[in-house]
Amino acid sequence: MADAPFLPYGRQVIEDDDIAAVAEALRADMLTTGPRVEAFEAAFAETVGAAHAVACSNGTAALHLAMMALDLHPGEAVIVPAVTFAATANCARYLDAEVVFADVDPDTGLMTPETLAEAIGRLDGRPLRAVLPVHLAGNIVDLPGVRRLAQAHGAELVEDACHALGTAMAFDNTSELVGDGRHSAMACFSFHPVKTIATGEGGMITTKDPVLAERLRLYRTHGITRDPASFRHLELALDADGSVNPWVYEMQALGYNYRLPDVLCALGISQLAKLDRFVARRRALTARYRDLLAPLAPLVKAVAPPRGCDPALHLFVALIDFEAAGRSRRQVMEALRTRGIGSQVHYIPVHQQPYYRARYGEIALPGADAYYARCLSLPLFPGMSDTDPGRVVEALTAVLGVA
C-alpha cells in the first residue's frame, strides 16, 4: 500500500461537467445576482421537497440569516447541542442572544428530547426563542420529539442540516427528506468542499413559510429591496409622471452581503444533479465500513444510525476506547497519517471553548464529554474506491494493536 494515495477524511468530487458549468457561467453576462441563483434555489427546493429555498454564501451565513428572520432579540435564549461546529451557537450571539448548551447522546452526539428538556430547565428565566438541533454527521435528531418540547415553550425549531443533505427519515411511517420543512421553521445547509455537494463555499436555507423566505432574501442583500410592490415609501420612488424610477431601491433593514454568486450556483446546480449518485456511494462505503469494523467491537464501534434514519453520512465516525487500546487519540491519528490515512475530530464541545467558558462558566455535560473522548472521523467521500474502507480498517487495526 506504499504507493496508495493519501486518503483525507473528506474531499470534494469535481468532474468535467462541473468545470464546464462553471466555465459557461464565467462567460455569461452576470457573475452574481443573475439567473443561476434562482435556478439553483428552485432545483434545491424541488430536490428536498421544500416550498422555498434561499441561497447564501455559506452555512454560517445560513444560520445567521435564519436567526435574523426569526427576529431574535438580545437576551432571548437559543438552545444548541454541545457537540457541533461553533457556528451553530455563534449565530445566536451575533444578535446578542444567549446560548444554552444541551447535552447529547454519548453514542450518537445528537440532541435528544431528554437532553433538550434538561437544557430547558437551565434557562433561568430567559425566554426561549429557538432550538437548533444538529443532524450530526448526517444522522437525524428526533424531530417530532424536540419539536413538541420547543412548541410547548413557544420556541421555533431551526435545523442545522449542514451535514445532512440527502438523508432520508421516517417518522410515524411517513417518508421524508431532511429540509422538507415538515418539522421546523427553517433548515440550514452547507456546500463546503467536504459536504455532500460542493460549491467551494455556499449555503442554503429551506422553509415552508413565504414570509420567512422573503425576510431571508432581504437580509441576504444588505436589507435592500428593489421591488416597488414592497416599498414602504413608494412616493419617494415616483417620477413626476407617477411612474417608478428604475434606479430606486429601499433599505428596509440592516442586512448583510451574504449572496452566493452565479458562478458558484452553476457548480451547485451541476453537483445537485449528482446527489443521488453521491448519496448512494456514501451509503455503500458506509455499509462496507460497518462490516469491516464489526469484529473490532467493543474497542471500536461505528456510530449507529437512529431509528427511522437512512443517512447520507457526511462523516463516518468511529467511537474508539483509546484508554483500553493504550494509545492516545493523537498517537492513533499520527500513526494513521504515516500509513496514508487522514482523520479528524468532530467536534470539541462548544461549551468548552474559551469564549463560551468565559461567558457561561463551567458546564457539566457528560454525554458530550463521553462522545468527544471517543470520536474519530475516518475517510468518507464518493471518490473513494471499493477497497479504500478495507485499507483504512486494516491500518486502524494495526495502529490499535488488535490481534
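**Entry 1: the second largest pocket.** I began with helix 6, which gives the most to the lining of the second largest pocket, with 3 residues. Helix 6 covers 143–152, and strand 6 (168–171) joins it in supplying at least two residues of that lining. I took helices (H or I, at least four residues) and strands (E, at least two) as DSSP runs, numbered from the N terminus.

I noted 19 lining residues here, with V141, D142, F171, P306 and R307 nearest the centre. By class I have 9 nonpolar, 5 polar and 5 charged residues in this lining. My classes put Ala, Val, Leu, Ile, Met, Phe, Trp, Tyr, Cys and Pro under nonpolar, Asp, Glu, Lys and Arg under charged, and the others, Gly among them, under polar. The space in the second largest pocket is about 410 Å³.

**Entry 2: ground rules.** This is a predicted model, so I note that local features need pLDDT of at least 70, side-chain atom pairs count only at pLDDT 80 or more, and totals for chains, interfaces and linings use all residues. Residues are numbered from 1 along each chain as its sequence is written, and side-chain values use heavy atoms, with hydrogens and water left out.

For pockets, I worked on a 1 Å grid over the protein atoms alone: a pocket is an open set of points where a 1.4 Å probe fits, with protein on both sides within 12 Å along at least five of seven lines, and lining residues have an atom within 4 Å of a point. Grid points are joined across faces, edges and corners, and a volume is the space filled by probe spheres set on the points.

**Entry 3: the largest pocket.** Its volume is about 580 Å³. T33, R217, R220, T221 and I224 are the closest to its centre, out of 17 lining residues. Which helix gives the most to this lining? Helix 7 does, with 4 residues. Helix 2 (35–48), helix 7 (210–220) and strand 10 (224–225) each supply at least two residues. I sorted the lining into 4 nonpolar, 5 polar and 8 charged residues.

Entry 4: T33 sits in the loop between helix 1 (16–27) and helix 2. T33 counts as partly exposed because its relative accessibility is 46% (buried is under 20% relative accessible area, exposed over 50%, partly exposed in between, with a 1.4 Å probe and protein chains only).

D96 also has a positive phi, near 65°, in a residue other than glycine. I found D96 in the loop between helix 4 (87–93) and strand 3 (98–102), and D96 is partly exposed at 44%.

Then I turned to cis peptide bonds. One joins A297 and P298, with omega about 5°; P298 is in the loop between helix 9 (275–293) and strand 12 (300–302). Another runs from H346 to Y347, with omega near 5°, and Y347 lies in the loop between helix 11 (329–338) and helix 12 (354–360).

**Entry 5: the whole chain.** I count 14 helices and 15 strands. The C-alpha atoms fill a box of roughly 85 × 55 × 40 Å along the principal axes. Of the 403 residues, 55% count as buried. For contacts (heavy atoms within 4.5 Å) with a separation of 6 or more, 75% are between residues 24 or more positions apart.
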